[in-house]
Amino acid sequence: TPAAAASVSPVQAAAPIGGDTVERRRDYLMELNFRGRYLSVPDSVLDIWYFNSDDEGANAYDRPKARAYALGVEYVIKQRPVNWFFYYEYVGNLMQEGYWDDVEEPPEHDDGDWVRPTNFGMHVLGANFGHEVDITPADREVWLSMIFGAGLGVAVLQGELTQWHPGGNEGNTDRTCGEQEAAYDRYQHCPDDGAKRVPGVLPMIDLSGAARVNFGDRASIRLDFGIHDMLYVGGAVGGVF
C-alpha cells in the first residue's frame with residue numbers, strides 16, 4: 001500500500017555479479033544524533049530527606065540545588081513505529097558546594113555535613129526503546145511525531161563528593177579541629193573528612209517522551225523530556241541515512 005511504501009526507505013547498493021546488477025534493500029532508517037540535557041531533582045523530593053533554610057528553626061544556609069547537564073551522541077535504528085536508541089553521554093555536575101542537613105525528629109540543625117563536589121561526573125552507556133506515533137502525515141516533506149519509551153544504562157562515576165562532618169564525629173580527619181563547631185564552620189579552616197561513600201557504578205533508568213520534527217529522510221530535531229535518574233528536558237539534532 002502507499003502508506004506501507006512510505007514507511008520503508010530503501011538503501012540501494014549496486015554490485016555486478018555475473019554481469020548483472022543486484023539491488024539490496026533494508027527496511028529501516030538510521031540516525032546519528034548529538035544531544036544535550038538539563039537534569040534536576042525537585043526541591044519537593046529533597047525535602048523528604050534534607051532540611052532547607054526556609055524550614056522552621058533551620059539555619060541560614062540554603063541547601064544546594066541538585067542539578068546536572070548531559071552531553072552525548074546516539075545511534076538510532078528506526079523500524080517504524082519502533083525506535084532503538086544506543087547512546088554514550090557525559091553527565092557533568094552543576095551542584096554547588098553547601099550544607100546538607102538530614103531530616104530527623106526532633107530536628108537537630110547543626111549535625112549535617114558540608115559537601116563539596118570535586119571533579120564530580122558520570123560516563124554513561126545505555127539503550128532505549130521508543131514507540132513512535134505520527135502526529136501529522138508521514139508522507140509530507142516535514143512532519144511531526146511523538147515518541148514514548150523506556151530504557152536502561154550503566155553510569156560510571158568520576159571524582160568525589162568531599163565532605164566535612166560536625167565537630168566530635170568519630171570519622172573526622174582531625175578530631176581536635178573545631179570540636180564544638182558545625183560542619184558549615186569547620187569546612188572553612190579544618191582539613192576535609194574524606195569523600196562520601198558513593199557507588200562507583202550506578203544504574204541509569206529512563207522513562208522518556210519526545211516530540212520529533214522529521215525533515216523527510218534526511219534529518220530530524222527532537223525535544224525530549226522525562227526521567228533519566230533525574231527529571232530532565234533536552235533536545236537532539238542529527239542526520240538520517
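Which strand gives the largest share of the nonpolar patch? That is S6, with three residues.

**Before selecting anything**

This is a predicted model, in which local features need pLDDT of at least 70, side-chain atom pairs count only at pLDDT 80 or more, and totals for chains, interfaces and linings use all residues. Residues are numbered from 1 along each chain as its sequence is written, and side-chain values use heavy atoms, with hydrogens and water left out.

**Stop 1: the whole chain**

Colour by secondary structure to see three helices and 12 strands. Helices (H or I, at least four residues) and strands (E, at least two) are DSSP runs, numbered from the N terminus. Of the 241 residues in the chain, 37% are buried. Buried means under 20% relative accessible area, exposed over 50%, and partly exposed in between (1.4 Å probe, protein chains only).

**Stop 2: the nonpolar patch**

Select Leu32, Phe34, Val73, Tyr75, Trp84, Phe86, Tyr88, Leu125, Phe129 and Phe241, which form a nonpolar patch on the surface with about 930 Å² of accessible area together. Patches are made of residues with over 30% relative accessible area and no salt bridge; like charges are joined within 9 Å, and nonpolar side chains (Val, Leu, Ile, Met, Phe, Trp, Tyr) within 5 Å. Areas come from the Shrake-Rupley method with a 1.4 Å probe, and for residues only the protein chains shown count as cover. Two or more patch residues come from each of strands S3 (29–40), S5 (67–79), S6 (82–93) and S8 (113–134). Phe241 sits in the segment after strand S12 (230–240); Phe241 counts as partly exposed because its relative accessibility is 42%.

**Stop 3: salt bridges**

The chain has 17 salt bridges, each a side-chain nitrogen of Lys or Arg within 4 Å of a carboxyl oxygen of Asp or Glu. Select Glu31 and Lys78, whose side chains meet at 3.2 Å, N to O. Glu31 lies in strand S3 and Lys78 in strand S5, so this pair ties together parts that are 47 residues apart in sequence. Both Glu31 and Lys78 are buried.

Next take Arg80 and Asp134, a salt bridge with its closest N and O atoms 2.4 Å apart. Arg80 is in the loop between S5 and S6 and Asp134 in strand S8, so the pair ties together parts 54 residues apart in sequence. Arg80 is partly exposed at 26% relative accessibility, and Asp134 is partly exposed at 36%.

Then move to Arg186 and Asp193, where the closest N and O atoms of the salt bridge are 3.0 Å apart. Arg186 is buried at 0% relative accessibility, and Asp193 is buried at 7%. To finish this stop, select Glu31, Lys78, Arg80, Glu132, Asp134 and Arg212, which salt bridges with shared partners join into one network.

**Stop 4: the largest pocket**

S8 gives the most to the pocket lining, with four residues.
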